[in-house]
Amino acid sequence: MNQSPDLLVVGGLVVNDDWSAPATVVVRDGRIVQVIAAGEPIPPTSDDTRVVDATGHLVLPGGVDPHTHIGMSLGDYTTHDGYLEATTAALWGGTTTVVDFAIPTAGQTPLEAVLERRQAAALGVCDAALHACVIDWDDSVPGQLREMAELGVRTVKLFTTYRDVVMADPGTVVRVMKSLRTLGGMAYVHAEANHLVESDQDKAASAGRIDASGHAHTRSELAEVTAVREVLSSAAALDVPVYFVHQSTPAAISEVRRARARGVRAYTETCPHYLTLDDSVYQSESPELYVCCPPLRSASTVAGVVRRTLAREVDTIGSDHCCYTLEQKRADRSDVRVMPNGMPGVETRMPVIFTELVRRRRLPLERFVALTAANPARLNGIHPRKGVIAPGSDADLIIIDPAETRTVTANGLHMATDYSPYEGKSLSGWPSTVIVKGEVLLHQGVLHVAGHRGKALESGPLVQDRLLC
């Protein structure tokens with residue numbers, strides 16, 4: 001090397017999704033230039049080289065959260081954060097790249113929504129990739145999809161529920177999939193059969209159980225698995241990849257896995273809340289805080305999702321971050337058809353999963369990296385720039401003391417809300433140091449951020465054949 005490094009991370013256990021070993025990470029100009037095995041000589045340093053001692057700690061790729069809703073307007077409600085607030089909270093939780101959804105508002109085209117979000121991403125403190133979203137089909141959509149792909153947006157969200165808000169009808173779903181096949185893209189599907197959801201909601205309303213305490217009965221497991229089967233049939237017939245967001249049931253996960261075995265390029269995402277919380281919370285004093293879509297399921301269903309995650313049947317874990325406030329969650333809690341669905345979680349995603357799966361269930365560290373960083377990066381076309389500690393990759397790193405635990409309080413978090421569904425929980429896996437593109441932004445409980453550092457990432461080819469599943 002002709003130049004001294006800007007940063008050395010020494011003494012830690014470096015963990016990727018396919019190996020782990022004691023090593024030194026060498027950084028220059030925001031990129032990783034070497035990963036040197038312990039005991040091997042390190043390059044000469046200068047007075048300007050910063051050395052971070054990670055002895056006794058884990059050194060992981062910064063988390064990639066494949067599912068965030070930042071400043072999202074849906075129905076009568078808008079989440080309470082922008083890119084600055086959401087990405088700041090992400091850093092505190094160990095996530096250094098977020099993937100947000102450009103969901104068109106009334107009168108806005110899918111392309112206009114993407115262009116607006118690309119500009120907003122520059123206000124963040126870490127990078128953001130984007131998913132597009134198509135609600136209605138017209139003759140302009142194919143051209144918009146091509147232009148978005150040229151901008152590096154190759155994943156497109158399709159909702160099969162929320163009639164008259166964001167739902168795409170079956171014809172639109174098929175037309176978008178056909179277009180994505182020619183563009184090298186992938187459908188990201190919120191899969192719930194809307195006719196079954198509306199039937200469930202009508203029954204709940206007739207029984208006087210349409211308030212937050214009855215939420216578990218308003219969107220059945222059958223609605224989820226039915227929609228998954230229908231979408232998988234289309235994906236198989238069209239030979240187009242499909243990714244199912246926030247799967248909450250073992251049956252839905254198994255449908256995807258069986259399709260994959262038949263050669264369908266189908267992928268499963270689940271979320272921390274579907275691995276750790278169950279529908280008993282709807283009988284608490286504040287059931288509205290846990291209203292999300294799909295709902296939290298029974299304890300036995302949660303256990304089944306955990307088993308499938310440990311059995312490598314889940315590809316990614318996203319937060320499904322929706323930063324509503326207590327006031328917003330409580331305003332229409334008497335009717336879950338109207339109140340905002342979703343929970344804040346971009347900051348707690350990685351600690352919740354580290355605690356539940358690594359500490360309690362002995363999930364291998366390599367698999368933790370796959371679920372929270374490497375696979376999300378691959379499936380969004382930003383690997384190996386993100387999600388891996390390797391020469392040429394962005395120097396996005398987190399350092400974790402696996403023995404440290406913290407108790408969650410809303411006041412102690414950094415999301416733009418005043419509650420957390422994990423209030424009072426003791427969690428491990430919090431980063432002591434967060435490095436973004438070679439800069440130490442978080443260290444020993446202090447965030448050092450001056451100005452905006454984020455940018456909208458362009459997605460390259462979606463890597464689907466090297467998932468470590």
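1. A salt bridge here is a side-chain nitrogen of Lys or Arg within 4 Å of a carboxyl oxygen of Asp or Glu. By that rule the structure has 24 salt bridges. The model is predicted, so local features need pLDDT of at least 70 and side-chain atom pairs count only at pLDDT 80 or more, while totals for chains, interfaces and linings use all residues. Residues are numbered from 1 along each chain as its sequence is written, and side-chain values use heavy atoms, with hydrogens and water left out.

2. One of the salt bridges joins Asp394 to Arg31, at 2.7 Å from N to O. Asp394 is in the loop between α12 (365–379) and β17 (397–400) and Arg31 is in strand β3 (residues 31–37), so this contact ties together parts that lie 363 residues apart in sequence. Helices (H or I, at least four residues) and strands (E, at least two) are DSSP runs, numbered from the N terminus. Asp394 counts as buried, at 3% relative accessibility, whereas Arg31 is partly exposed, at 36%. The cut-offs are under 20% relative accessible area for buried and over 50% for exposed, with partly exposed in between (1.4 Å probe, protein chains only).

3. Which residues belong to the network of salt bridges that share partners? The members are Arg31, Asp127, Arg385, Lys386, Asp394, Asp396 and Lys437.

4. Asp65 and Arg349 form another salt bridge, with their closest N and O atoms 3.8 Å apart. This pair also links distant parts of the chain: Asp65 belongs to strand β6 (residues 63–69) and Arg349 to helix α11 (residues 349–359), 284 residues apart. Both Asp65 and Arg349 are buried.

5. In the salt bridge between Glu192 and Arg219, the closest N and O atoms are 3.2 Å apart. Glu192 is in the loop between β12 (186–190) and α5 (194–206), and Arg219 is in the loop between α5 and α6 (221–238), 27 residues apart. Glu192 and Arg219 are both buried. Arg219 has a further contact: its charged end sits over the ring of Tyr162, 5.1 Å from the ring centre. The rule for such a contact is that NZ of Lys or CZ of Arg is within 6 Å of the ring centre and within 35 degrees of the ring normal. Lys157 is placed in this way over the ring of Phe101, 4.2 Å from the centre.

6. There are three aromatic pairs in the structure. Rings of Phe, Tyr and Trp (its six-membered ring) pair if their centres lie within 6.5 Å; planes under 30 degrees apart count as stacked, over 60 as edge-to-face and the rest as tilted. Phe159 and Tyr162 make an edge-to-face pair, 6.2 Å centre to centre with 65 degrees between the planes. Phe159 is buried, with a relative accessible area of 4%. The rings of Phe354 and Phe368 have centres 5.5 Å apart and planes at 85 degrees, so this pair is edge-to-face. Phe354 lies in helix α11 and Phe368 in helix α12, 14 residues apart, and both are buried.

7. After α12 comes Gly381, with a positive phi near 70 degrees.

8. Strand β20 (residues 431–436) is mostly covered, with six of its six residues buried. β20 pairs with β17 in the antiparallel sense over four bridges, and Pro431 of β20 is the bridge partner of Ile400. Strands count as paired if DSSP finds at least two bridges between them. Four bridges also join β20 to strand β21 (residues 439–443), again antiparallel, and Val434 stands opposite Leu442 in β21.

9. Asp76 lies in the loop between β7 (73–74) and β8 (77–78). Asp76 is exposed, with a relative accessible area of 73%. Its C-alpha is 8.1 Å from that of Val338, a residue 262 places away in sequence.
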